[in-house]
Amino acid sequence: MRKLYSLLLVVLLATSAFAQSTITGKVTDSKGDGLPGVSIALKGTSTGVISDADGNYSISAPFDGALVFSFIGFKTAEVKVGGRTSINVTLEEDLTALEEVVVIGYGEQKKSLNTAAISRVDSKQLSNFSNQRLEQMLQGQVAGVTIKPSSGQPGSGFNILIRGIGTNGDNSPLIIIDGMSANDGALSALNPEDIESIEIMKDAASTAIYGARGANGVVFVKTKKAKAGEASLVYEGFYGMQRPWSMPKVLNASQYVELISEKYANSGLSLPAGFPTQETIPHNSDWINKLVQAAPTQRHGISLSKGTENGSINASLSYFAQDGIIAPKKSNARRVTGRFAAEQKVNDLFFFGQSAQFVHATNERIGENNVFGSPLSEALVYDPLTPYYDPNGTFGFAQSPYVQKEYLNPLSQIFITNNSSMQNGIIGNTFLKITPVKGLVINTSMGIDYQYYTGKGFTPSYKFYDTNGNQLNLVNELNDIYEYSSKNFIWQWENFATYTKDFGKHSIQGTIGTTMRQFKGSSFGASSSGIPEEVQFDPNFQYIDNTPDSLRRSNSSAPEKVSLVSVFGRAIYGYDQKYLVTATLRRDGSSVFGPNNRYGIFPSVSLGWVVSREAFWNFETVNFLKAKLSYGVNGNDRIGTLRYASVIGNTGSYPFGKPGSQTIYNGLSSLFADNPDIKWEESKQFDAGFEVGLLNDRITLEMDYYIKKTSGLLMEATTLDLDGFNGPPIANVGEVVNRGFEFEAKYRQNFGQVNFGASLNVTTLHNEVTKVTDNGYIDGYTWPVRNTVITRMEVGKPIGFFRGYKTAGIFNSQDEVFSHINSSGQRLQPNAQAGDIKFVDVNKDGVIDSKDITEIGSPWAKAQIGLNLNASYKGFDIRLLFTSSVGNDIYRSYERQDVINNNYTTEWLDRWTPENPTASYPRLTVSDPNNNSRASDFYVENGSYVRLKSLQIGYSLPSSILEKIKVTKMRAYVTFDNLWTLTGYSGFDPEIGNSGWILDTGIDKGFYPQLKTMGFGLRVQF
């Protein structure tokens, strides 16, 4: 009988465990007000309900189940049922966008009390990206920040501009990783999984505390730290395939024969000997499709973390690999990154920690964005009649008998190009915090940044012949080898103390500190020729030591040393969290500048008024309103070392001895005149803005208007030709002004079980040069095809604007040619015919000549827009990121009208002919008597675009499954990068940066395009 009772008891208990009961209750906030729209879900199931307008709810749940309460703006709460039928829950308000803590220089501050222009990107915003580079992840996320790639090739860098273009020199922002000022390439080496947050400091109020290095803005990276009681092991991996989002389309063989035949006929010339007719076309080579292929990219990472009440430890290791879409064996990037960080509280007095990041990276590259030696630019103009390969050709490649000059078969160009580089580096920092009394924290930290780079390039010997057996003017008699290496070591020691005190409604915080920093660098480069022919392709012999000791050997080396010593201070005052004042002051001394101007002082002051805390404020919809105002001064010290001194260097070769038996000696002289007065470029910036929170910060708005005036730009000064120096000195002679609006809006809302979020940022920019050298301008990029300067820095214009002739369409008929006359009745274009480009007499002097060259475009967008959309439903989530650039122009310089038999893009099918008099493109000629190919706005196109930068769809396994497989979290996702682009630009890509020189921005020389990536990712946390 007892056994029977026991059995019945077990059955009863088991039944009760699965029994369902109806649970009712109310969800309120901390004030006791009911919360409508709260999601109440039964943990481990898809069952869920939504609270009504008063916060009441009703749900069925088992006695031993658990309910999960979630609502935007509040922390998620999990409550066990425990057999109850009535459960009331009070949700704790979560930190909103305006209440979160942001990093400021040498400290942190609540965002609602911050009076500077600082934008924050947290780990959640970075977590749903497939991109391998941190710079890519920031694109479109922050107002006032422009990020463009220098190329789409693996390993290429990114151009980061904060609030416009402040100088014709280096505009790169200051990069700080966990307090250590790092090298410019440090962002690309970071593993995005290690990032906790990124603060972009944009105005002088936030950057003046960094003094002579803050004018271009500051990017502060804070890495992850494990929270107390947390321990995890995380694997994150991604694999995808890449293709170009788009490529220009060129003429096929039939179209090519048609246009070239017409070109010669329009000039009254005979076709080249052996040129085919439509009936005798020998080949139809598609060079672009031959070059471009799908290429893989992947990344894998594993991280460990553990946190206790007194400290934390984090370690991670990641691997990244990307192959190029062109010649992947010679265009690729590999990177291994390791990181270790630990913090420990010793007692109430001492807290210390350290972190270190190691990187090993390799990169192989082909020529890019260059009209000479780039496979892409060659593929655009190489004729489709020439086959890819010729068994009788050099290295087995066919060479065109029609398209020659500097051009090679693109495949042979890849074959003779061999460039590789390697980087090994470490960035580390150790700190100690001492808290001797309440409110006072003393910090001391020592950091290092060591980077070692090596690289080499090799070009074999060759003689190329066309398919007719004629030797081309493309000869390299001896193979060439070059090698280089550089070592950069930075140490930094900082000490600062912060005192914080609240008394009554008053709060104060004071910070004072010092910085000592030193950079030491050395570089070495050497080149030679003549590796023995029989082993020239053996990598084991491709070293300078294997070349003969001859005059062809050359080398150079350069040491560098830069020291910086600084003192800084900041005072923050607040009254009732309503009236806010912050003042900073820094004094920098740098060895970069001349002895007469070695030290500089950089102040700033900012004010804030939290209007919503005033007694008269009674607008429930607007729960937060803050106005802010700031002004400050900071500097830019990015110039070469010893530019204030007259440096001696090799400047020429001189023969000594009698004719026939002379010896050549290298001569030394001053490279440029000295200038002991040069100093930092000085940026003065005014900022006015406001921040708004609506509906309990469900909607947040931020808007800033800024004026940034940078004076004393470091550039070459005007000197007399008889001054005895080879170059002019560097001097502070230029000035540029940037002004614009920044707008950011964020919205989050629950719709039933759907969580939705959106953020929008808009940036406008007006850039104007207000002072240059005595002649009023500095020439920029020279278009080598026409030996014409097509960009310039000039007073009254934006930096790097495009210059050339203005056009007014195409002469549709001969009558239009004769009617294009000056006031005297003379033809403005006496050599023009119907079908030629019509040029504008800009200065109205009756002649079209170089005096009519004027501004024809600008590479800088009038507005930039980023739109982030995200939503989740149960375990599913989706994210879309759109980016847009409006009003920027692109100079299409990859066309080679000087190469007579070059191929054309398919846009040229709409060329002028008597049968097509309203064409968009001019007639084709060999001699070009009207000089249609001169630099003009014919080559300038609107580069505006809208791009779906990222689309990602993910699914997270429910907890009921995770518990069974002993996993904390698991998410799988598919992702698409650059999936869709809307643009009118006909070239490779509208998203064009520069190769490192600001006056080279927006010029398409055969740009390696951005890649469309489709892939799969997985993140597992144990």
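These are my notebook entries on a predicted model of one protein chain.

**Ground rules.** I noted that residues are numbered from 1 along each chain as its sequence is written, and that side-chain values use heavy atoms, with hydrogens and water left out. The model is predicted, and I kept in mind that local features need pLDDT of at least 70 and that side-chain atom pairs count only at pLDDT 80 or more, whereas totals for chains, interfaces and linings use all residues.

**Overall form.** I looked up the secondary structure and found 11 helices and 54 strands, which are DSSP runs numbered from the N terminus (H or I of at least four residues for helices, E of at least two for strands). The C-alpha atoms fill a box of roughly 115 × 70 × 70 Å along the principal axes.

Of the contacts with a separation of 6 or more, 69% join residues 24 or more positions apart, a contact being heavy atoms within 4.5 Å.

**Nonpolar cores.** I turned next to the nonpolar cores, each a set of buried Ala, Val, Leu, Ile, Met, Phe, Trp, Tyr and Cys residues joined through side-chain atoms within 4.5 Å. The largest has 62 residues, and those with the most contacts inside it are Tyr256, Ile326, Trp783 and Tyr891. Among the elements that give two or more residues to this core are α6 (253-266), α8 (375-381) and β49 (889-892), and α6 gives the most, with six residues. For tyrosine 256, leaving aside neighbours within four places in sequence, I listed contacts that include Leu251, Phe275, Pro384, Tyr402 and Asn902. A second, separate core of 33 residues includes Val121, Ile162, Ala212 and Trp680.

**Glycine 211.** I found glycine 211 in the loop between α5 (204-207) and β16 (218-223), where the residue is buried, with a relative accessible area of 0%. Not counting residues up to four places away in sequence, glycine 211 touches Arg586, Asp588, Phe602, Asn634 and Gly635. I also noted that glycine 211 and serine 566 are 355 residues apart in sequence and 8.5 Å apart in space, C-alpha to C-alpha.

**Two aspartates with positive phi.** Aspartate 178, in the loop between β13 (174-177) and β14 (180-182), has a positive phi of about 50° although it is not a glycine. Aspartate 697, in the loop between β34 (681-694) and β35 (699-716), has a positive phi of about 65° and is likewise not a glycine; at 7% relative accessibility, aspartate 697 counts as buried.

**Valine 441.** My last entry concerns valine 441, which lies in strand β23 (residues 440-459) and counts as partly exposed at 28% relative accessibility. Beyond residues up to four places away in sequence, valine 441 touches Lys433, Ile434, Thr435, Phe496, Ala497 and Thr498.

Note on methods. Buried means under 20% relative accessible area, exposed over 50%, partly exposed in between (1.4 Å probe, protein chains only).
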